[in-house]
Amino acid sequence: MALKIVKGSIDRMFDKNLQDLVRGIRNHKDDEAKYISTCIDEIKQELKQDNIAVKANAVCKLTYLQMLGYDVSWAAFNIVEVMSSSKFTYKRIGYLAASQCFHESTDVIMLTTNQIRKDLSSPNQYDTGVALTGLSCFVTPDLARDLANDIMTLMSHTKPYIRKKAVLIMYKVFLKYPESLRPAFPRLKEKLEDPDPGVQSAAVNVICELARRNPKNYLSLAPLFFKLMTSSTNNWVLIKIIKLFGALTPLEPRLGKKLIEPLTNLIHSTSAMSLLYECVNTVIVDGDVNASGFVFCSAFLPQLCVQKLRILIEDSDQNLKYLGLLAMSKILKTHPKSVQSHKDLILQCLDDKDESIRLRALDLLYGMVSKKNLMEIVKKLMLHVDKAEGTTYRDELLTKIIDICSQSNYQYITNFEWYISILVELTRLEGTRHGHLIASQMLDVAIRVKAIRAFAVAQMATLLDNAHLLTGNTQRNGICEVLYAAAWICGEFSEHLENPVQTLEAMLRPKVATLPGHIQAVYVQNTAKLFATILKSQEGNSDSTTSEETTQLLIDRLPVFVQSANLEVQERASCILQLVKYIQKLQQKDVEVAEEVSALFAGELNPVAPKAQKKVPVPEGLDLDAWINEPPSESESEDEQPKAIFTKEEPKHARPRHTEVDEKELAKRREARKQEQANNPFYIKASPSSQKVRTPGNVHFPDVGFVSRVVFPSGLPMSDQYVKLEEERRQKERAEKKKKEKKKRKEKRSGRGKKHDSGPESEEDITPAHMVDIVTEEMPENALPSDEDDKDPNDPHKALDIDLDKPLADSEKLPVRAHRAAEALKSPVEDAEADNAGPQESRKKSGKEKKEKKKDKDRDRKVEAVETSSRLANGMHLVCHTDGLCFCFCFCRRAKKRKRRENTNMKERRRTSWEGTPMSLWRSQKNRVCDIQGNLQDGSQVVVSVIFENKCSSFLKSMEFNVLDSLNSKLQRPEGSGPHDGLTVPFQLPPGVSNEARFVFTVQSIVMPQKLKGTLTFIVKVDSSTHEKLDFKLHFTCTSYLITTPCYSDAFAKLLESGDLKSSSLRLEGINMPFHHLLARICFHHHFSVVERIDSCASMYSRSIQGHHVCLLVKTSGQTVSIDAKCDEPTLLGNVLDEIKQTFSQC
């Protein structure tokens, strides 16, 4: 054996580790695939060995290869072997490989369930931590279902390291197994008040992530998160909470008023820019729903946000500047005037060296324009177009100029002659990829603004005359696309042309054949329209030479287009050529054909909706998937190539010929590459110090950007002259308006002229020079309704839209810890039936029962408030929880008239309603649960959390909580307080509001259960204030002092063998439930953890807050359950067994 160990150690010395693998891959760049294939073969041999260290090393190398893209799914079983190693170093490698390689379809993942469960219950916190971390990466619905109970147990672990990881992985469990959300949510809610800030932060992250998709289900947590927001100093926790409130506020408008003060304080006081941005962003986002009832009605808050955002934008940090611009664009939607005052700052950002910041500034300008400043902003943007470096930013500038001008049906344009001149100026840019965008705007303005058509036609005719300047870039979507619009406008509105013959000659130039096919087709089609206009204008003239010359011009030039390789151009040119030849014959016979030719193009074409074709209903009997002709036979040769019909194909060579490039061409390419690198914002440039100094002998290449201007003739106007004309027009309008106001003041004989001054010009005062026709886009008959974007059906958050306030039903049997439901409780229908039968049974009561009724009269009066509240659903509820039992105490305004049947069977209900109401009662009343928790740092203290809920329509204030002290338990009061003084509840309760308070009790002995009497006093404010009192009892069970503590089997065995524990036993009959449900019930209600389970036998462990060890051995045989127990405190053990017996007696 020793020789085998030594031999294995020597073999491992010569094995390749991960470093050797990486070094070898780098040294074999030429044959990397071959080298990796050899390494994989070696790894397969290593995995066949018995030594776990060799296997772990092999799995480590496989993990790296998987990151390079190689499939390692064949080694899944070996990964599971390494995961099961007892050594943490190897176990960590196994879980890392599993997190990288495993997914839901991995076959062997089902084998990891027991191993992961064992690691989760390990006494070594690092084994538990690595299991939780790995599980979060490959958790499946089956794993989530089977391990949810174990993970929920770890949420109460003694180590914050484990609690934090357990809380975080619960989010993945919820996504894979949504049914676990409701049972686990109370435990998750407890972690919001965990003493460790890391655990608290993890709980906030999980709940905020859940609430981000389904916020309405978490609205009841708003008071608790508000408390955290006002008390926490962790900026990241505050950011998460503020984001959560951003989602909750639209659902509860009253929350907005509550948030104004803390958000304002944070904005003023915080130095963390991330927190400041989140506060501002929350105000901005929630401000979007102001119209639907949101109450951020503070007038100073938007101004404060904009001032803070200006600080971010002026900061030298580019990231902060970007975030400031991003938030400013959001607040622009609701408060545009607040942002418009910072127009100068936004325009400065257009000169920033960072392209992303320039783009954000452009987005802001889109929302800042008005009728007053539109021309000014566009003028500055046009200057930036001239200086723009790089095609991306230059094209974005062009797009933004058009978007700014065309938004809201050209709402802010008052002079369309200016806009046409802007579009014409944009055509002078070479290299742009947005020629189609300029063309569409030209078409849209010419169609919808009738008053501008004559001006637009004149400008388009000039563009056609100078088309040779725009044909440098004939790529699709290039600037040559403008000629498409120019030709169409000149043809459609040819009656506005001053010289149609000249325009026709420009459209039939031979160089037009070099344009893209779709542009040539428009040229050919609109030459026919121009020809019809010329014929009509020459009709009635004695001299017909002009029309005959035009006809001959078409016959001479159209054959060039007939020979085009584009089918559309061929077809149109052929048809029009034959038509013109026929017209020429008629002209030779002196036949008037002008009206007939004009009739071919009569009528006005309306725009068609973009989705019109898709919305055409399919006629009955038409199968769009059926073949129109017979499908081609399979026997046809696939090698047969279609013959070229219109063009002669060039012979294809197997390899392109290599042409030698001269020095000039190389220098030209090198310079182009350097220029592209200089304009690329993502290219890392050399530092200035490393650049070579240019010597006088070097050839100097000037810095030439991508933008170059085409020099157009003087016939095209500049936009600046229309800016001046527009200012003059507005001054005339203002002067006329003042004259009218003076006349009105004279008529009223008012001497206070200054008081009635109209002040600065408003947006409504500026009237546009041209009106825009709002054209309704045409849709086909019987069009289908609009398409709606459906939500992603595979979204895992969709299954988490669960009402967490809804009580758990008895039928919900989950393999996680579930709340216990009492089957003995009656439903409201059964209560009503019992009330109806009550008077008949009361006649048969004996005198002894009447005495008991009289004896319990005082207590019945106390319960009367509870019963009335549950019937009327109108009162105040006080809820506290201990050991799986929830105590509900209610107050409501008493009705003047009460039916006798409401007091029937009070005695039978008293104990269940007052001293120990099971879970199902608080479910029926939709109250939340709080519990009694032991203090881990101090074994003599317990914390009782109480939820106060106001169910009445009155305001409750001045609440005092008091519990009578006993010899064993005392309520902790402030220094100087007497033993009978109550504690002031630190909040008031408006109608329909609930809140939570915590009280600390000092307990000397925990071996016996205790009941404490208490009183809650408060003032009910209606028209006048009245004092009210509510009596209750708190029940401290022995189980409430136990803490769920995982225990390893070895430590459990040593504890049993120590001889310090006393034994006892319990036998339960008639228990009819699965064994794992029985264990889950004990774990949940009595705070035990499962140490080990074999078939129908399991060992369990728990520890009290004072350090008492409680061990159980649970066995089942048929419907009989036997529990052997040991503890170092016999009294505590006996009471715990009694409580377990009581739990199962209600099943």
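Contact, as used in this briefing, means heavy atoms within 4.5 Å. The model is predicted: local features need pLDDT of at least 70, side-chain atom pairs count only at pLDDT 80 or more, and totals for chains, interfaces and linings use all residues. Residues are numbered from 1 along each chain as its sequence is written, and side-chain values use heavy atoms, with hydrogens and water left out. Helices (H or I, at least four residues) and strands (E, at least two) are DSSP runs numbered from the N terminus.

**Helix packing: H22 and H24**

- Leu374, Met375, Val378 and Met382 of H22 meet Trp418, Ile422, Glu425 and Leu426 of H24.
- This contact of H22 with H24 comprises 7 nonpolar residues, no polar ones and 1 charged residue; Ala, Val, Leu, Ile, Met, Phe, Trp, Tyr, Cys and Pro count as nonpolar, Asp, Glu, Lys and Arg as charged, and the others, Gly among them, as polar.
- The axes of H22 (residues 374-387) and H24 (residues 416-426) are 12 Å apart, and the packing angle is about 10°; axes are lines fitted to C-alpha atoms, for helices over the stretch in contact, and angles run from 0 to 180 degrees between N-to-C directions.
- H22 and H24 are therefore roughly parallel to each other, a class for angles under 35 degrees, with over 145 counted as roughly antiparallel, 65 to 115 as roughly perpendicular and the rest as oblique.

- Most residues other than glycine have a negative phi.
- Asn409 lies in helix H23 (residues 391-410) and has a positive phi near 55°.
- With a relative accessibility of 39%, Asn409 counts as partly exposed; buried means under 20% relative accessible area, exposed over 50%, and partly exposed in between (1.4 Å probe, protein chains only).
- Tyr410 is also placed in H23, and its phi is positive, near 55°.
- Tyr410 is buried, at 3% relative accessible area.

**Strand E14 and its partners**

- Strand E14 (residues 1097-1104) is mostly covered, with 6 of its 8 residues buried.
- Strand E11 (residues 1042-1043) is joined to E14 by 2 bridges in an antiparallel arrangement; two strands pair if DSSP finds at least two bridges between them.
- Ile1043 stands opposite Arg1103 of E14.
- Strand E13 (residues 1089-1094) runs antiparallel to E14, with 5 bridges between them, and Glu1092 has Ser1099 of E14 as its bridge partner.
- The hairpin of E13 and E14 has 2 residues between the strands, and Asp1095 takes a positive phi near 55° there.
- E14 is joined by 7 bridges to strand E15 (residues 1109-1117), again antiparallel, and Tyr1101 stands opposite Cys1111 of E15.
- In the hairpin of E14 and E15, with 4 residues between the strands, Gly1107 has a positive phi near 90°.

- An open sheet of 4 strands has the order E7-E5-E9-E10, with antiparallel pairing.
- Its edge strands, each pairing on one side only, are E7 (983-984) and E10 (1025-1036).
- E7 is joined to strand E5 (residues 955-963) by 2 bridges, and Phe961 stands opposite Leu983 of E7.
- Asn968 is placed in the loop between E5 and strand E6 (969-971).
- The side chains of Asn968 and Gln1010 make a polar contact (3.0 Å); such a contact is a pair of N or O atoms within 3.5 Å, where within protein one must be able to donate a hydrogen and the other to accept it, and residues adjacent in sequence count only if both atoms are side-chain atoms.
- Not counting residues up to four places away in sequence, Asn968 touches Thr1002, Val1003, Gln1004, Ser1005 and Gln1010.
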